[in-house]
Amino acid sequence: GDGYSQRSLDGINALQKKWQVAFEMREAGVINAMAAYLAAQKARSFDFLEPQTGILYSVFCDTWRISWTTRRPGKIYYGSLSAEFVQAFGVTA
């Protein structure tokens, strides 16, 4: 009531990092391979090298999105894949 509040972090791994990643205008084969990799890793962690710091993190990715565009002539398909990588803690599969 007097303007004060009590805050605390929950648990020992309270500062979980998340990254929004996007791979834009890649050939269809590359996007399909990336999506297949993420599908194979679902519910398991994998390594992610953070570009800005060079630190290797264990992450998981539960959802991703693909959008397609076509370039004429030749109907060459290009895709963009966006996803959220979430830091994994402890023992992961």
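Predicted model: local features only at pLDDT ≥ 70, side-chain atom pairs only at ≥ 80, totals over all residues.
1. Eight bridges join β4 to β5, and the two strands run antiparallel. Within this pairing Arg-71 stands opposite Ile-76 of β5. The hairpin that β4 and β5 make has four residues between the strands, and in it Gly-74 takes a positive phi near 95°.

2. On confidence, the mean pLDDT of the chain is 89, with 88% of its residues reaching 70 or more. In the chain, confidence is lowest in strand β4, residues 64–71, where the mean is 94, and highest in α1, where it is 97.

3. As to the overall layout, the chain has one helix and five strands, and read along the sequence these follow the pattern β-α-β-β-β-β. Of contacts in the chain between residues at least 6 apart in sequence, 62% join residues at least 24 apart. Buried residues make up 24% of the 93 residues in the chain, and the chain exposes about 7100 Å², of which carbon and sulfur atoms supply 52%.

4. Eight bridges join β1 to β5 in an antiparallel arrangement, with Arg-26 standing opposite Gly-79 of β5. Two bridges join β3 to β5, and these strands also run antiparallel; here Val-59 has Gln-87 of β5 as its bridge partner.

5. Strands β2 and β3 pair in the antiparallel sense over four bridges, and Leu-49 stands opposite Leu-56 in β3. Their hairpin has six residues between the strands, and Gly-54 within it takes a positive phi near 75°. A reader comparing the hairpins may wish to look at the glycine in each: Gly-74 in the hairpin of β4 and β5, and Gly-54 in the hairpin of β2 and β3.

6. The largest nonpolar core has 14 residues, and Trp-19, Val-59, Leu-81 and Phe-85 are the members that touch the most others. At least two residues of this core come from each of β1 (18–27), α1 (28–41), β2 (46–49), β3 (56–60) and β5 (76–87), and the largest share, four residues, is supplied by α1. As a matter of general background, nonpolar side chains in soluble globular proteins tend to be buried together.

7. The aromatic residues can be taken together. The count comes to five aromatic pairs. In one of these, the rings of Trp-19 and Tyr-57 have centres 4.9 Å apart and planes at 50°, so the pair is classed as tilted. Because Trp-19 lies in strand β1 and Tyr-57 in strand β3, this pair ties together parts that are 38 residues apart in sequence. One aromatic cluster is formed by Trp-19, Tyr-37, Phe-46, Phe-48, Tyr-57 and Phe-85.

8. Is Gln-87 buried or exposed? This residue lies in strand β5, and at 12% relative accessibility Gln-87 counts as buried. Apart from neighbours within four places in sequence, the contacts of Gln-87 are with Leu-15, Gln-16, Lys-17, Trp-19, Tyr-57, Ser-58, Val-59 and Phe-60. Among these are Trp-19 and Tyr-57, which form the tilted pair, and Val-59, which is the bridge partner of Gln-87.

Definitions and conventions: Residues numbered from 1 in each chain as written. Heavy atoms only, no water. Core = buried A, V, L, I, M, F, W, Y, C linked by side-chain atoms within 4.5 Å. Buried < 20%, exposed > 50% of the residue type's maximum accessible area, 1.4 Å probe, protein only. Phe/Tyr/Trp six-rings, centres within 6.5 Å; stacked < 30°, edge-to-face > 60°. pLDDT = per-residue confidence, 0-100. Pairing = 2+ DSSP bridges. Contact = heavy atoms within 4.5 Å. Areas by Shrake-Rupley, 256 points an atom, 1.4 Å probe, with all protein chains shown as cover.
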